[in-house]
Amino acid sequence: MASTDDHGANDTDQLSAEADWTDFAHTGPGTLAGRYMRLFWQPVYVGADLLPGRAVPIRIMSEDFTLFRGESALGTPHLLAFRCAHRGTQLSTGWIEGDDIRCFYHGWKYDSSGQCVEQPAEPEPFCQKIGIPAYPTQEYLGLIFAYLGEGEPPPLPRRPAFEDPHGVLQAGRADWPCNFFHRNENTPDLTHICFVHRDVSTEDTEIPRVESADETEFGLTVSVRSKDSTGLTQRAKFLMPSGNMFKLPKRSEDEIEGRDYTFFRVPIDDEHHTAFSVSVMHPTPEGARKLAARDPEQPGTRLSVPELGDAILAGTLHIRDVIHGPYDPYTVQEVQDYVAMVGQGTMPVRADDHLGRADLGISLLRKVWSRELRALAEGRPLTQWTPSAGLAAHF
């Protein structure tokens, strides 16, 4: 009997472990997917939104942190724990002094390494005994990146296509009320374009045939070939662990070439995520002059992508209302994707999916993620992903 019980326990442990390495949705502290995501540099804020001498609370992968920028004009961003070690007050409510932050409650001050350096009310300070977690940060392409994992961080991956000194760079973010893996699985799903985006890009084309899904040095590539007379091949390129990069055709003669886009999907918690975006336009000299003379659009003059998407999901608006409204085609496509992904629910049960051959990319993505999580759980080496210099997908 004891032998049977032991065998049953082993089976239970095996099933539990396997469930862990197929669970991509939960990324909080201690989860396997959370450990994996923390091994990569993650964008945590848009750089232009963090002014010198300001601190903000942020939430990344179900963990709270304090992000602040030093007081100088080119202030360095710093990331520390959420609370003061003294009495647990939210540290972002305090004051920035140089590259240090002073707690709002009793004035304990911390440097950028998290070391306490002042305790004003203590006749015999014990600062050397007090420290809070601090995390490496780097600012790149208009975004603030942080490394939240253990040990020394790897080099921050570069995106050479976005380093054009004459390009016009834009960095942004959008918070969506669904699990981040929704967005991951949308990238290798090219057949959705014919339906989700039918009114803005492929209304008159036939449904393409999925030819292959292949693992690459940077993640994976899915190739589809159109069934019409052109026979064109399109490719979607997914960057591990949670991003993509592509090029869209140029919109006018004011551009030298098409615009480059890259996205990073970062969990806020298991039910929300942020899609950080970077785009670069490559203008002609005349195009650059026109951009410099253009009046900036006033905030609040148009509804945001989530506002538009929520209205469509609630039935008070239809996607055609957005298509014929004052929105550019790229914004319309974002709204269409929002409706498709948020419309799946916050955290759907993926075991209920019924995948077909058109879903080769999704199947491969899940296989790669599961393999990496299993290797991490078993202490085996992980794949070292290498985004290549000329990485772009053309549509």
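**Strand pairing in a predicted model**

Strands E13 and E14 form a hairpin, with three residues between them. This structure is a predicted model. Strands of a sheet pair through backbone hydrogen bonds, and the pairing is either parallel or antiparallel.

- Strand E13 covers residues 209-215 and strand E14 covers residues 219-225.
- The two strands, E13 and E14, run antiparallel and are joined by six bridges.
- Within this pair, Asp 214 is found opposite Thr 221 of E14.

**E2 and E3**

- E2 runs antiparallel to E3, and six bridges join the two.
- Ile 58 has Phe 65, in E3, as its bridge partner.
- E2 and E3 also form a hairpin, in which two residues lie between the strands.
- Met 61, in the turn of this hairpin, has a positive phi of about 50°.

**E3 and E4**

- Strand E3 (residues 63-69) and strand E4 (residues 77-81) are antiparallel, with five bridges joining them.
- Thr 66 has Leu 80, in E4, as its bridge partner.

**A general point on side chains**

- In a regular strand, side chains alternate between the two faces of the sheet.

Notes:
Residues are numbered from 1 along each chain as its sequence is written. This is a predicted model: local features need pLDDT of at least 70, side-chain atom pairs count only at pLDDT 80 or more; totals for chains, interfaces and linings use all residues. Side-chain values use heavy atoms; hydrogens and water are left out. Two strands pair if DSSP finds at least two bridges between them. Helices (H or I, at least four residues) and strands (E, at least two) are DSSP runs, numbered from the N terminus.
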